[in-house]
Amino acid sequence: MIEIRGLGKSFVGQDGGTVEALHDVDLDVVENEFLTVLGPSGCGKTTLLKCIAGLIPWNEGDIVIDGTPVRGPGPDRSMVFQNFALLPWATVLDNVGFGLRLRGVGRAEREERARSLIDVVGLSGFETKRPHELSGGMQQRVGIARALAVQPSVLLMDEPFGAVDEQTRRLLQEELLSIWEQHRLTVVFITHSMEEAVLLGDRVVLMSARPGRIAEIVPVPLQRPRSNDVGALERSGAYVEITAYLWDRLREMHEEHRPSEVAG
Amino acid sequence: MIALTERSGTGTVPRRRRPDWRRMPVAPLSLLAGAAVWEVVGLLAGVPFFPPLSTVLTRLSKMVSDGLILPSLGDSLVNLALGIAVSLGVGLVTGVAMGRYRRVEAALGVYVYALLTAPSLVFAPIFFSLLGAGRGSIVAVVVMYAMFVIIINTASAIQAVPAQLVEMARSYGASERQLLVSVMLPAAAPMIMAGVRLGVGRAVAGMINGEMFIAVVGLGHVVTEASGRFDGASVLAVLLIIIAVALSAVALVQLVDRKITGWVPSTSRGNP
């Protein structure tokens, strides 16, 4: 369980002024929950995720995971990056095993676990390929396999499908659902797509910008498992209703901050 | 060094059969043409300091059989190897430290840039007076020629490592040592090797200049002596040897480079 209390983060902007990226964020993520975080750009959703990952410090508040305060990166968490962040010189096998290698897992065990995860993400046969030989979708499968290989209890995903095309994105969403249904772990998933947020999430955290704060937490009462018939789910009344509601809220936020742009 | 290049002649579109200029071996032809120009200009000019190639080659084979070349060449190669080894060892460590730590860069940057741009040979008399007219002085001159370009390229290469890779490794709990060894050095390797290639080329120049200025040994000494006798053929004969040494050294670096950076896709290589 992740408990975030009164989290505040500000940094010095380019003009020398202080920018408040996160303001008084309170959030609980329960065990094995799939939580999606949705918001306009600049709302601090990636900052929030990096704080949970322990990659950046914050100014106020606490993040506690299963009773332990976050002080830096830890073996209980792993992250999937928007731009994949694969090692270009390493093969698929070595990329998937990279987190294990950093944690001192020996070669034999590392490769065995990497191979089984490569199988989970459907890349068997590509073990010896290098990233530049793979499509964007395949590269992100490697990123997901690398994150799962270290057997985290919390998976942090930073707009993982933002850099792939629409068709690949849909396939990856379905596969992520089915992986999560089988492996069961806590996921915090950042996205700017309300469809993606609703399709994947148990709850959608709606954030607003300047300063970044939680505007609303919207439960998604769609039944699980969802991976077997995504099409039917997307035509269901509840799905349509929630995405429409989220868009209404997002549109309000955009109008508040950029009236001229919307009016023009 | 990120210039895009496309390999020619690998297209799959069938073409009509005709003499394909792109398949001609360019380097040997170019050498042959150069040799012919040298021969002709040398014959026509008829000056003692630019004899035709054939005269120079004859002189070279005579010098070799007289035992003038090989011992000197051995001396020079030892100077070169020692100089390159010091340049690589100190250069890579300093470059990585400067690229990784701002304070190190702030402390050393001014020296490195000053010594990179200063004409390296002006240090020869200083080494001569400090270290005497021996191997130490020549090796020091080689280092002055070769090391700073290696330092600067290594520092820039480390700074150019994509931040996302560093962040990724940190998210998996990488220690500083793991970050350097498993992420930064491999990511920086192509650019580091470009600096090493430049450095090795400069090391050969440093070896010759150092030997000409200081030495009583090595190829540089042979050149100095021959030019003192106004013996143009001998000077050029030694020059041929020096060029061969330089090209072999650079070829060796390229071989190592291929081994280390074989992962770089051919479309983003500077030199196919």
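Q: What ground rules apply here?
A: It's a predicted model: local features need pLDDT of at least 70, side-chain atom pairs count only at pLDDT 80 or more, and totals for chains, interfaces and linings use all residues. Residues are numbered from 1 along each chain as its sequence is written, chains are lettered from A and ligands numbered from 1 in the order in which they are written, and side-chain values use heavy atoms, with hydrogens and water left out.

Q: Why is helix H1 of chain A largely enclosed by the rest of the structure?
A: Helices are DSSP runs of H or I with at least four residues, strands are runs of E with at least two, and both are numbered from the N terminus. Buried means under 20% relative accessible area, exposed over 50%, and partly exposed in between (1.4 Å probe, protein chains only). Helix H1 (residues 45-53) of chain A has eight of its nine residues buried, so the rest of the structure largely encloses it. Among the buried ones are Leu48(A), Leu49(A), Lys50(A) and Cys51(A). After H1(A) comes Gly54(A), with a positive phi near 80°.

Q: In what order do the four strands of the open sheet in chain A sit?
A: Strands of a sheet pair through backbone hydrogen bonds, either parallel or antiparallel. Two strands count as paired if DSSP finds at least two bridges between them. Here the order is S2-S1-S4-S5, with antiparallel pairing. S2 (18-29) and S5 (68-69) of chain A are the edge strands, each pairing on one side only. Five bridges join S1 (residues 2-12) to S4 (residues 60-65) in chain A, and Gly8(A) stands opposite Glu60(A) in S4(A).

Q: How many residues of chain B are in contact with chain A?
A: Contact means heavy atoms within 4.5 Å. On that basis, 17 residues of chain B touch 24 residues of chain A. Buried area is the accessible area (1.4 Å probe) that two parts lose on being put together, summed over both. For this pair it comes to about 1900 Å², with carbon and sulfur atoms giving 65%. In chain B, Met168(B), Tyr172(B) and Trp263(B) lose the most area to chain A, together 38% of what that side buries.

Q: Which side chains meet in a salt bridge between the two chains?
A: A salt bridge puts a side-chain nitrogen of Lys or Arg within 4 Å of a carboxyl oxygen of Asp or Glu. There is one between chain B and chain A: Glu167(B) with Lys50(A), at 3.2 Å, N to O. Helices H7 (163-171) and H8 (176-214) of chain B each supply at least two residues of the side that touches chain A, and H7(B) gives the most, with seven.
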